[in-house]
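Trainee: I am new to this structure. Can we go through it in short steps?

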Amino acid sequence: MGLVQWLKGQLLCHLVICYGFFVSGLLINLLQICTLPLWPINKQLARRINCKLGYSLTSQSVALLEWWSGTEVTLYTDPENYRLYGKENAIVVLNHNFEIDFLCGWTFCDRFGVLGASKCLAKKELSYLPVIGWMWYFLEMVFIKRKWEEDKRNFVQSLQNLRDYPENFWFLLHCEGTRFTEEKHRVSMEVAEKKSLPKLKHHLLPRTKGFWVAVQNLRGTVAAVYCCTLNFRNNETPTLLGVLNGEKYHPDLYVRRIPLESIPEDEAECSAWLHKLYQEKDKFQEDYSQTGCFPGPKVTPPCRPWALINWLGWTCLLLYPLCLLLVQLVNSGSILSILATVAFCSAVSVGVRWMIGQTEIKRSSSYGVPLNNK
Ligand SMILES: CC/C=C\C/C=C\C/C=C\C/C=C\C/C=C\C/C=C\CCC(=O)SCCNC(=O)CCNC(=O)[C@H](O)C(C)(C)COP(=O)(O)OP(=O)(O)OC[C@H]1O[C@@H](n2cnc3c(N)ncnc32)[C@H](O)[C@@H]1OP(=O)(O)O
Ligand SMILES: CCCCCCCC/C=C\CCCCCCCC(=O)OC[C@@H](O)COP(=O)(O)O
C-alpha cells in the first residue's frame, strides 16, 4: 500500500473531511434560511440561489467519490440520447441495491450539470438528517411516509410545484421503495406470485402508484423517463465508509431514454408497463452478471472540475480558522478549552458516522417485510 493510500485510511484525514463537510453544511443551511424572505418576492431567484447552495454541499460528496476514492463511472447508452442528458427534465428510475447508489447518481448529475437541482422521492426519515435533510427542504425534495393515504395530497402538490422549476432537474424514483435484502426479496416475490407476475431475480417488485402519480403530474414538465440500471464490476459491494477510506469502485450504469408520451396514462396500464420495465431491467442485470457488461456503446462522461474546486475552497476556508484556534488553544494551556475542542471534534465525527450509518443496508428499515409492513 502506497503512502497516499495509507493516509486516506487515517482517522485524522477522516476527521478533517467530516469537519469540513459538517461545518460547511451548517453554514449552507444558514444561508438557505437567509433566502426565506426572498421566496415571496422572487421565488425563481430564491430557487436558483438554493440550487447553487445545494450544489456547494452535495458536490463535496461527489468530489470525495471522484477525487478522493478515484472511482470511475461508466455509462452505457445510445449516443443519440446522450446529447439530451442534462438539457431536459427527466424522471429517473433506478434500481436500489447498493449503499452508494445515490452517490453514483449524484456523480452523473454533476457530469450533466443538474446536480444542484436534482430531486428524489425520499422517505420522510431522510428529511431529519442534519445538514443534508435540512438542505433538501429548500431544494423542494419530495418526502413521503410510504403510507399512500397520508402521502397523496402532499405528494401531488410537491410534484405540481415542480412544474415551473427554473432549472433542468432529474427526479429520482426507486420504485422498489426500499433497498434490496434477501428477506425483502423473498416477501416481494410472494406478492409477485399472488399477482401472477413473473419473478424477478435482481430486483424487488416495484410499487407502481408513485411512478404513475409522478408521470401524470409531470406530463408537460418532464420530457422522458430514464430507465437506469446500476451495477458494479467484479461483484464489488461498495460502501460510503469504503469511499471515505479511499477505496476505488467501478460503477456501470445503463441508461435508456423513454419519451414520456409513450407511457400509458391509465393507472392499470401504467402499472403493467412499469412491471414490464422491471422485468427488462432484471434481464439486463442477469446478462451483466454473466458477461460483466450492459448492452450498448460505452462512454465516460467528462468529469468537471467544479466539485473539486468547491471542496478545496471550503476545506481551505474552514481549516484556516481551525488551525488558528488549535494554536491558540495549545498556547493558552487551558485544559477546559482543549477538552471543549476535543468534544466538539468528536461530536462532529460521531454525527457524520451516524449519518453514514443511514446509508448501510444492514440498518435498512423493515418496510416491505413482513408483507405490507410499513
Ligand atoms: C444519464 C444518467 C442518468 C441518471 C443518473 C441516476 C440518478 C440520478 C438522479 C437523481 C439523484 C437525486 C437525488 C438522490 C439523493 C438522495 C436520496 C436517495 C435515495 C432516497 C430514496 C428513498 O428514500 S426510497 C423510499 C421512498 N421512495 C419510495 O417509496 C418510492 C417507491 N414507492 C412508491 O412509489 C409507492 O407507490 C408509494 C410509496 C407512493 C405508495 O405505496 P403503496 O404501497 O401505498 O401503494 P402501491 O400501490 O404502490 O403498492 C401497493 C401494492 O403493493 C403490494 N405490495 C405489498 N407488499 C409488497 C411488497 N413487499 N413488495 C411489492 N408490492 C407489495 C400490495 O399488495 C399492493 O398491491 P395492490 O394490488 O393491492 O394495489
Ligand atoms: C466531503 C464529503 C463528506 C463525506 C461525508 C458524507 C456524509 C454524508 C452522509 C450521509 C449522506 C446521506 C445521504 C442519504 C441518502 C441515503 C439514501 C438511501 O439509501 O436511503 C434509503 C432509502 O432509500 C430506503 O430506505 P430503507 O432501505 O427502507 O431503509
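Trainee: At roughly what angle do the axes of helix α3 and helix α12 cross?
Mentor: This is a predicted model. In it, α3 covers residues 43–68 and α12 covers residues 306–332. Their axes come within 8 Å and cross at roughly 105°.

Trainee: Is α3 roughly parallel or roughly perpendicular to α12?
Mentor: The crossing angle is roughly 105°. Angles of 65 to 115 degrees count as roughly perpendicular. Therefore α3 is, relative to α12, roughly perpendicular.

Trainee: Which residues in α12 meet α3?
Mentor: On the α3 side, the contact includes S56, Q60 and W67. By class, the contact has eight nonpolar, four polar and one charged residues. The α12 residues are W306, A307, L308, N310, W311 and W314.

Trainee: Is N234 buried or exposed?
Mentor: N234 is found in the loop between β6 and α10. Its phi is positive, about 55°, although N234 is not a glycine. N234 has 7, so it is exposed.

Trainee: How many other C-beta atoms lie within 10 Å of R146?
Mentor: R146 lies in the loop between β4 and α7. R146 is not a glycine, yet has a positive phi of about 65°. R146 is partly exposed, and the count is 18.

Trainee: How many residues in the shell around ligand 1 are nonpolar?
Mentor: The shell has 40 residues, and the closest are G105, W148, G177, R207 and G210. Elements that each supply at least two residues include α5, α8 and β6. By class, nine are polar, five are charged and the nonpolar ones number 26.

Notes:
Residues are numbered from 1 along each chain as its sequence is written. Chains are lettered from A and ligands numbered from 1 in the order in which they are written. This is a predicted model: local features need pLDDT of at least 70, side-chain atom pairs count only at pLDDT 80 or more; totals for chains, interfaces and linings use all residues. A residue is near a molecule or strand if its C-beta atom, placed from the backbone, lies within 6 Å of it. Helices (H or I, at least four residues) and strands (E, at least two) are DSSP runs, numbered from the N terminus. Ala, Val, Leu, Ile, Met, Phe, Trp, Tyr, Cys and Pro count as nonpolar, Asp, Glu, Lys and Arg as charged, and the others, Gly among them, as polar. A residue is buried if 20 or more other C-beta atoms lie within 10 Å of its own, exposed if 12 or fewer, and partly exposed in between; C-beta atoms are placed from the backbone. Axes are lines fitted to C-alpha atoms, for helices over the stretch in contact, and angles run from 0 to 180 degrees between N-to-C directions. Angles under 35 degrees count as roughly parallel, over 145 as roughly antiparallel, 65 to 115 as roughly perpendicular and the rest as oblique. Two residues are in contact if their C-beta atoms, placed from the backbone, lie within 7 Å.
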